[in-house]
Amino acid sequence: MTPFIFSTTKSLVFEPGASARIAEIVGKTLGQTTMVITDPSLRTLGMIDAALISLESAGHTLAIFDDVESDPSRDTLMSAVEFGKNAGVTGVVGFGGGSPMDVAKLTALLLGSGEDLDDAWGVAQAKGPRLPLVLVPTTAGTGSEVTPVSIITVGTEEKRGVSSSILLPDVAILDAELTARLPADVTAATGVDAMVHAIEAYTSKSTNNNPLSKILAREALRLLGANIETAVFDGHNMQARSAMLLGSMLAGQAFANSPVAAVHALAYPIGGTFHVPHGLSNALILPHVLRFNACEAGALYAEIASDPFPHLATIETDQDRCDAFIDALAHLSRKLGMKTRLRDVNIPADTLSKMAADAMQQTRLLVNNPRALSETDAVDIYKAAW
C-alpha cells in the first residue's frame with residue numbers, strides 16, 4: 001500500500017446548540033482575552049450572540065473583529081492582525097463561513113509566530129507557532145474547520161493560499177442550529193461546494209490520495225446527496241441540516257489530505273474577478289470540468305455516481321454511469337434554483353481568455369487534476385460553461 005499522511009483537527013464537537021456552550025467546551029484553550037472573527041451580517045443577525053454571552057459570562061475579555069468580507073482581502077487580514085495585537089489576545093475564534101474562518105486561521109498564525117505573510121504563501125511554508133484557534137462554521141460547505149488551508153485575495157483579483165497543518169484548529173464546533181437561518185440560495189451553493197470537495201478529493205492525482213480520504217469522500221457524497229434538497233427547501237429541518245454539516249466536514253477532511261483540482265482552479269477567477277460566491281463559482285464550472293476529465297477519470301466517477309444519486313446504481317456500464325453522474329450534477333443545480341451559466345452571473349464572453357490565463361496560475365491545484373489541462377483547454381471549458 002502506498003504510504004500517506006492524514007492530518008485533521010484535533011477535536012470535533014458535533015451538537016446542535018453547542019456554540020452557546022463555547023466557554024465550557026474551549027474556554028481553557030482560548031485563554032483570558034479571546035478574539036472573535038466574524039462578518040457583519042452574522043453580527044447583525046445575532047448569530048454569534050449566544051457564544052459571546054457564554055464567553056463573557058465565563059470571564060473572558062472579548063475583542064470582536066466583524067469586518068470580514070466575502071473573499072477576504074490581504075488588507076482585511078492585516079487589519080485583523082493589528083486589531084488582535086493591540087488587544088493582546090490569547091486565543092482566536094473564527095465564527096462564520098469560509099471567509100471568517102480563513103482570516104481567523106492566518107490571524108492566529110501571524111499573531112502567534114510574528115512571521116511575514118509573504119513567507120507563508122504556498123504549501124508547508126508557514127513556520128508557526130500560532131495562537132490557540134477554535135473554528136465554528138455557520139455554513140455546510142467549505143469544510144474549513146478541518147482543512148489546513150486559508151485563501152486570501154491579493155490585489156484586486158489574485159487569490160493566494162497558505163497550506164500548512166499548523167492552520168488546523170485545536171477544536172471545531174459543529175452546531176447545525178447555526179445553519180438553519182441560511183437562505184436557500186446559500187444553502188444550495190455551499191452544499192454543492194461540499195460535493196465538489198468530495199468528488200475532487202476522490203479523483204485527485206495527489207500522491208497523498210489515500211484510502212481514508214476516499215472513504216470520507218464517499219460518505220460525504222451519500223449524506224449531501226440525500227439531504228441537500230430538504231435543506232434547501234425545508235431549511236428548519238434539523239436532521240437535514242445536521243447531515244449537511246457532517247457531510248461538509250467529512251468532505252473537508254477528505255480534500256484536506258487529498259487536494260482539490262481543476263474545478264477549484266477554474267472557479268477562482270470567477271470569484272476573484274467577478275465576486276461570484278465560491279460555492280456558486282464551483283457549481284457553474286463543475287459539469288464542464290468533469291466532462292473534460294471523463295476520458296481519464298470516468299471509471300472513478302462511475303464508482304461514486306450512486307453515492308449521491310442512488311438511482312444511478314442500476315446503470316450497467318462505467319461510461320454510461322459516468323455520463324449520467326455528470327448530467328445528474330448539472331440537473332441538481334437547476335433543481336435547486338441555482339444559476340447554471342457564466343452569462344447568468346454577468347460574465348462577459350470576451351473575458352474568458354483572461355480568466356483562463358488566471359486559472360493557469362493555480363498550479364498547486366491543477367497538478368492534482370486527473371487530466372492535464374492547458375490554457376486552451378481552460379478557455380474551451382469556460383466557453384462550454386458560458
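## Cavities and a pocket

In the lining of the second largest cavity, helix H9 gives the most, with 3 residues. The model described here is a predicted one. The residues that line the second largest cavity are Asp71, Lys159, Ala267, Tyr268, Gly271, Val276, His278 and Ser281, and the elements that give two or more residues to this lining are H9 and helix H10 (278-304).

The structure holds 2 cavities of 30 Å³ or more. The largest cavity is lined by Ala140, Thr179, Leu182, Thr187, Thr190, Ala231, Arg241 and Met244, with helix H6 (184-203) and helix H8 (238-257) as the elements that give two or more residues to the lining.

The second largest pocket is lined by 17 residues, and those nearest its centre are Glu158, Lys159, Arg160, Gln361 and Gln362. Two or more residues of this lining come from each of strand S8 (158-163), helix H9 (262-274), helix H12 (352-359) and helix H13 (363-366), and S8 supplies the largest share, 4 residues.

The volumes and the classes of lining residues are set out here.

| Space | Volume | Lining by class |
|---|---|---|
| Largest cavity | about 40 Å³ | 4 nonpolar, 3 polar, 1 charged residues |
| Second largest cavity | about 30 Å³ | 3 nonpolar, 3 polar, 2 charged residues |
| Second largest pocket | about 320 Å³ | 5 nonpolar, 6 polar, 6 charged residues |

Technical notes
Residues are numbered from 1 along each chain as its sequence is written. This is a predicted model: local features need pLDDT of at least 70, side-chain atom pairs count only at pLDDT 80 or more; totals for chains, interfaces and linings use all residues. Side-chain values use heavy atoms; hydrogens and water are left out. On a 1 Å grid over the protein atoms alone, a cavity is a set of points where a 1.4 Å probe fits but cannot get out, and a pocket is an open set with protein on both sides within 12 Å along at least five of seven lines; lining residues have an atom within 4 Å of a point. Grid points are joined across faces, edges and corners, and a volume is the space filled by probe spheres set on the points. Ala, Val, Leu, Ile, Met, Phe, Trp, Tyr, Cys and Pro count as nonpolar, Asp, Glu, Lys and Arg as charged, and the others, Gly among them, as polar.
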